[in-house]
Amino acid sequence: MKKQIKFIIFFFSLSLVLFSCTDLEIEETDSILAENFNGLTAEEANSSLTNMYNSLNNFIATQENLYALSEVTSDALLIPTRGSDWGDNGLWRQLHQHTWNPDHRFITNTWNEWNGLQLNASEIIDERTPASAEAKGEAYFLRALAMYIILDHYGQVPFRDTTVKPSVDPEVFTGADAVNFIVEDLNNAISSLPNATPNGDNQRATKTSAQLLLAKVLLNKHVYTNSEVNNADMNEVISLVDAITDAGFQLHDGYYDIFKEDTDSETIWYRPRAVGERIFHTLHYNSTELGGGGWNGFSTLAEYYDLYEGDPDSNRVDLEGNLLDGQEERRGGVPPQGIPIAEATDPLLNGDDNGDGFVDGSNVGSGFLLGQQYAPDGSPLEDRNGDPLSFTRNFFDAATGDPSLVDNNEVTGIRVIKYNPRFGGGFQNHLIFMRYADAYLMKAEAMFRAGQDPTTMINDLRTLRGASPLSSVSEQDILDERGRELFTETWRRNDLIRFGQYTRDWPFKDPSAVNNPDRKLFPIPATQVNLNPNLVQNPGY
Amino acid sequence: MKKMLLKHAFYIMAMLFSTAMLAQVTVTGVVSDQMGPLPGVNVLEKGTQNGTVTGFDGDFTLEVAEDATLVFSYVGFKTQEIAVNGQTTINVTLQEDAAKLDEVVVIGYGTTTVKDATGSVSSVASEDFNGGVISSPEQLIQGKTAGVQISVASGEPGAGTNVRIRGSNSIRSNNNPLFVVDGIPLSDESTVPATGGIVDGGSSARNPLSFINPNDIESISILKDASATAIYGSRGANGVVIVTTKSGKAGKDGVFTFNTNLSVSSAANDFDLFDAEAYRANILDVTGSPVPNVDDTGANTDWQDVITRTTFSSENNLTYSRAYTGGNLRASFSYTDQQGILEESSQERIVGRLNLRHRFLDDRLKLRIQSSISRVNDESPFIGAQAGASGNIIGAAYSAPPTWPNDPDFFVEGNRLNPANILAYYDSNTNTNRLLLNGSLEYEINSDFSAKLNLGYDRSDAEAQSIATADFNNNPGISGNGQTSFNTLEATSKLLEATVNYKKDFDNSNLDIIVGYSFQDFRRKGINSQGWGLGINADLPGTIDALRSRIRGPYQQFGYDADASFVNRLNPFDDNDQLPFFVHSIESLWVDTFDNTDELQSFFGRANYSFNDKFLFTATVRADGSSRFGGNNKYGIFPSGAFAWKISEEDFIGENVSTLKLRLSSGVTGNQAGLGYAQYLKRQRFAGPGIGDDGNVDRPGLATVAVQNEELKWESTFDMNLGVDFGWDFDRIRGSVDFYRKETSDLLFRQAAAAPAFDPFVFRNLQDGKVINQGVELNLGYDFIATQDSNFSVDFNIAYNDNKVEGLNGTTAEFGALNGPGLTNAFVQRLGEGRSLFSYYLAEYSEDADGNPNFSPDDKKFVDKDGLPDITTGLALNYTLGNFDASAFFTGQFGFYVYNNTANAFLNRTTFATNRNATPEALTRQSQEISTLYLEKGDFVRLQNLSLGYNFTLDQNSTLKSLRLSLNGQNLFLITGYSGLDPEVSSNTGDGGTGIPSASIDYTSFPRPRTITLGLNAKF
């Protein structure tokens, strides 16, 4: 008995000794902990860059957020509701109608995402971070891109200094200050990064991508500074694009080849992220068996489609890809059937997993899908109601037949597809963010704005794309050419604003938004104005 | 060294005690109750500390003064005093104590009686527990106590439970009270890793208390006001629930109890979905076209029937209990198999418990050990409440056309799901082992002082695995490849508490002081992992084990895909390493580890002073230090004070008034739950990896997961309580009424961060912001019949709580996420100045003269309705007649609104027109836009429990000591105007980053079962 007691007492006293008073400090068991930020190591900076690129993949791949704000708010894309699909509490409808408010989720998300990217880049740029010149260069580029997207969409750029505590309110740049800050970062990036390689694997930031972005900033500068176009800026745009051309980039012959997972002479910056969202967001559920079918959402306005030459009511190609309705190459077309597996020559094409004798996904056309769609074996496809899967030019209420953005049936609207599912389903890891044709058209536009004639440049592009040459080029022609060449590449809103057309009327835009200059900027997310007194809500919100 | 010191201390104390006595007489005797001799009864010479405890046979021997009076006391019995008057043999029969207000109530670090409590404390003893199928302890007391709202998230076996004591104090989740089991405060965090991640929505929350066998519980105390909870300081703000397990009792030979329950359950309610014929007719009517050929296979499948079932569950308990001189023991073993009414849902629970008490050194050293070991196996179908556009298996069953065949391989295109396919090709299992060990040693230093050391060890080890095979339909990342996830969580908590107690009785007052020190740490470690492209016999845990054994040195994460592999290490930093070559049956895989520890250190004290047995004073203070805060905010101080006046003891109160007591209390308590690890420091980790739909796994880079914030501090609640306890006619009529007001400030929640920020939401204290809960609680009881062999009593409780948020200064947050087709990214609740938490913010529905919807869904506003009940109530009826007993228990909640997300997502005309099934009622809902069309009153009354029991009269010589048969029904009926299955919903439908849970959003809730249980209880 005594032994027992002794043992018990011993046990309890031992535990008293084991846990003496604690200072409540925590240890670095599964993370790096610090009371203050004092710079990253060179290795940490590289790893942080990896993280930034990984996050960027999703920022640009999703059909929401940046893509939605840039394209769905324009004449290029709209998503009617079909039954209950795509209602999403009005998110999509508000964007196309220009009736968004400061609570809109995509407006908040876009703000958060790109601002976050800026802060990560600033940590690498911080003087206390001994990163390599190239890593710093990439960080300068990514920060400039992030701040540019914020400036372009919101007109105000909050900036956080990494040497002060996170509780300090970020300062806010607007107008020329913001432009100058971005330009300086880009010049730093240009001076410390190597050129991109034409036909190369251009996944990361390069001197070339920085030059393209700088050209973009300068071309739009008058919008942000609310001033007249400055010829010096235009000349710099021209010389930046010339530098890109001198690096070996050129227009690629074969428009839809650019959007395949292989190299081309145009891609300046892409991310190895699957392109599934770009494919499935527009296709009908029954368009293809790949990926469980499409999501039957994104469509374009007939007036956008009509920017192209060709039969307005028909847009077909034959099995070899020959254009049957007088359209140019970029309008693409609907094939009559899939490619028999025996005739598949392109090594990038899918195989025939479902064993139907045709290349999987090859019944889906590229470009603008209008009219009857066909199964791989050539039989006409049906929608889920058993009606012909035949996309219409216009949007109308299924019950009343009146033009409408809501209550559509399953087949209204021309579908827009740039990456084709026949090449790897939705899994081509080749999401292009910057390409040479954009730079090329920026130069043409800069020449035009500087009083030079870009007709030859425009016609060279048009000829390559199978469109007839123009006799002369007007401002409208340049905008239209950009629309035709760069559809769904996230620049439509930016272009429309620069050309003064973002506030014009188009189908389903709310009357209150027509000619309303306030809609050229998105509101600062409601919570942010409250959190940072340096921000001022944009007019009209 | 320490050991020696303690030993010496014991001897010195012992010497102090040996004082000489004069004129002594030796008294012997036997103490018994109606059943026989009673061991363990305290026998005390009145006015002294001289005493003993009865032995095996209820016998005692005590030397006392000739003129002494003996006091016999035992828990649950009336205390008796007998004058010695020269007798040498005194035999006593103790009477059971029926008066409720003399009940012993367990409070923080001690016990009191209802009569002497100064704070607002309720206790429910095991005989008043709810019966039937009980998967966690909270369900035992659901509805029993005013002001305590307990809602089980759904009908799923082992589903999470929300307990709200006097409303919701915090904006974020974690409004659950602190649970203390036998003196060990449990961690507020989940003990089960999140499953899934492979299909939309993952799994539902599991109940962390499932590991306790309800049969082992003696009583559950609920501490409601700050006076009672302040002793738990930083963890007391949401109230405290103290679970006390049974200890060995009665009978020197020991008693075996065998207890078995057999239950049958079926869905209490279902939807009146169209059958094939009605579906065809209505589709033609609504859409103008017949059911498309692809949908109409000529089948007539009742999908609701396919996924639900009538099930049998069983629960078996075997207990051995025994008391002996110097101690007692109780051992129990239970096996419970609860089958859910949805296919592939079940919970299996095996619990063993051993409780020991032993007294040493003339009963002055008390050792107490409570230990339990348990295994819980949960099986869950695909029912995540956050499932996106396609919905989960429940949504799929409501919307799948009845013209589809019940065939797992029937292929469906587009964003509809085949329920049979999900049932066949999705599987999710979670297994949890938990060990809870508690040892305490209490030493009575002298008549005034005692010291206690309490040690606790709580370890839970859980593994969760989900698999969706390649045959899973219609998911780009799974179909054709298969995906699996395997997550583990080892949660370990160690507790050390030392307390010193001083008790002194003065002439007409007494003082009771306790001071203590407590240290508790909480370590959480484990892995999350995911595999894609499952070959034959793909074994994710096995593959991970094999890989882990091949990696040298510490690492945070690793993974591979077809192109490359990676190992990322933090310390020393290395993001270039790769995995060694390895043959595997999984095409891509990632593993991410975590391991962190939080600590709490506290100093506390409480003083109780009573004067004239009329005036009671309590003062409490606790200083808590937490490793979750930095700088000057590491420590928080939580004081409280209380006063009670037993008016019934006053002469001016008549004899009829058996109880009349006024209670006043006020205090401050804190809350840090849900804050998580290291939110006040800059914390960097490699970002969580992911698998693309094509099996692509990118090497993650370094990310900042928390930013430095030295200002982060406790959320604190200032609480005031005014209560009156009353009773007439020996408490035949009894009750209490309490008024309270609680003001929670420095609200902690994930607020939007000022951009640029690494994470768009950060934990911050909301300056000036307050959540105010105020209300009134009433408990009433009346014994209509109280005779020798017949009793009929009614107990009723009702509570009103008003909740509002103030001082937001423009801060806002959206929550109450909706899910389902066309509802992605939609929220219907938000914070509003002066409004209740969980206030609805949405468009008001209206129709034109023709009955067509006529409103703008963008026209959102606060509609003056919220998801929190204003009134919660319970009514218990108990009747006994001889050997027969019956009880009924009703519960109700009023004054709240439920958003019928299920109807909004699936059961409406618009969705029906997209070739999904519905009900006749659904076709009257013409708009699928979010509006008040789907906002319904949630008021309900439920017959929660009805039970009948019979105790057999047994022969004296029978081996059986007692035998009882019982029949119990749960959820027998529900009275409500709500059009969905059940308005009592608390599954979390998503938070959009804020960490704010949803309340009263009904999205494809697991149907609640109606359960009939036949029980047998035998003692031998």
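Author: First, one word we'll need: a residue is called buried when its relative accessible area is under 20%. Also keep in mind that what you're looking at is a predicted model.

Let's start at helix α13 of chain A, which covers residues 455–464. Its buried residues are T455(A), M457(A), I458(A), N459(A), L461(A) and R462(A). If you wonder about the spacing in a list like that, an α-helix has 3.6 residues a turn, so residues three or four places apart point the same way. What do those buried residues of α13(A) pack against? Two helices of chain A: α12, and α14 at 475–485. Just past the end of α13(A) you'll find G466(A), with a positive phi of about 80 degrees.

Now follow α12(A), residues 436–449, over to another partner, helix α9(A), residues 231–246. The two axes come within 9 Å and cross at roughly 150 degrees. Since an angle over 145 degrees counts as roughly antiparallel, that's what α9(A) and α12(A) are to each other. The crossing is left-handed. On the α9(A) side, the contact uses N231(A), M234(A), V237(A), I238(A), V241(A), D242(A), I244(A) and T245(A). From α12(A) come Y436(A), A439(A), Y440(A), M442(A), K443(A), A446(A), M447(A) and R449(A). Sort the residues of this contact by type and you get eleven nonpolar, two polar and three charged.

There's another helix pair in chain A worth a look: α7(A), residues 175–192, and α8(A), residues 207–225. Their axes come within 9 Å and cross at roughly 165 degrees, which means that α7(A) and α8(A) are roughly antiparallel. Here, too, one helix passes the other in a left-handed crossing. α7(A) brings G175(A), A176(A), V179(A), I182(A), V183(A), L186(A), N187(A), A189(A) and I190(A) to the contact. α8(A) answers with K207(A), A210(A), Q211(A), L213(A), L214(A), V217(A), L218(A), K221(A), Y224(A) and T225(A). By type, that contact holds 13 nonpolar, four polar and two charged residues.

On to strands. Strands of a sheet pair through backbone hydrogen bonds, either parallel or antiparallel. Chain A has an open, antiparallel sheet of four strands in the order β5-β10-β7-β6. Its edges are β5 (299–300) and β6 (332–333), each pairing on one side only. β5(A) is held to β10(A), residues 414–417, by two bridges, and T300(A) has I414(A) as its bridge partner there.

In the loop between β1(A) and α2(A) sits E35(A). Is E35(A) buried or exposed? Exposed, at 59% relative accessible area. Leaving aside residues up to four places away in sequence, E35(A) touches L681(B) and Q708(B), both over in chain B.

Stay in chain B for its antiparallel strands. β36(B), residues 715–728, and β37(B), residues 733–752, are joined by 13 bridges, with F726(B) paired to G735(B). Four residues lie between the strands of this hairpin, and D729(B) takes a positive phi near 55 degrees. β37(B) also runs antiparallel to β38(B), residues 761–786, through 19 bridges; F749(B) stands opposite R764(B) there.

One last stop: T620(B), in strand β31(B), residues 615–626. At 5% relative accessibility, T620(B) is buried. Not counting residues up to four places away in sequence, T620(B) touches S227(B), A230(B), I231(B), G605(B), R606(B), F638(B), P639(B) and S640(B).

Conventions
Residues numbered from 1 in each chain as written. Chains lettered and ligands numbered in written order. Predicted model: local features only at pLDDT ≥ 70, side-chain atom pairs only at ≥ 80, totals over all residues. Heavy atoms only, no water. Axes fitted to C-alpha atoms, helices over the stretch in contact; angles between N-to-C directions. Parallel < 35°, antiparallel > 145°, perpendicular 65-115°, else oblique. Left-handed = near helix turned anticlockwise from the far one by under 90°. Contact = heavy atoms within 4.5 Å. Nonpolar A, V, L, I, M, F, W, Y, C, P; charged D, E, K, R; others polar. Buried < 20%, exposed > 50% of the residue type's maximum accessible area, 1.4 Å probe, protein only. Pairing = 2+ DSSP bridges.
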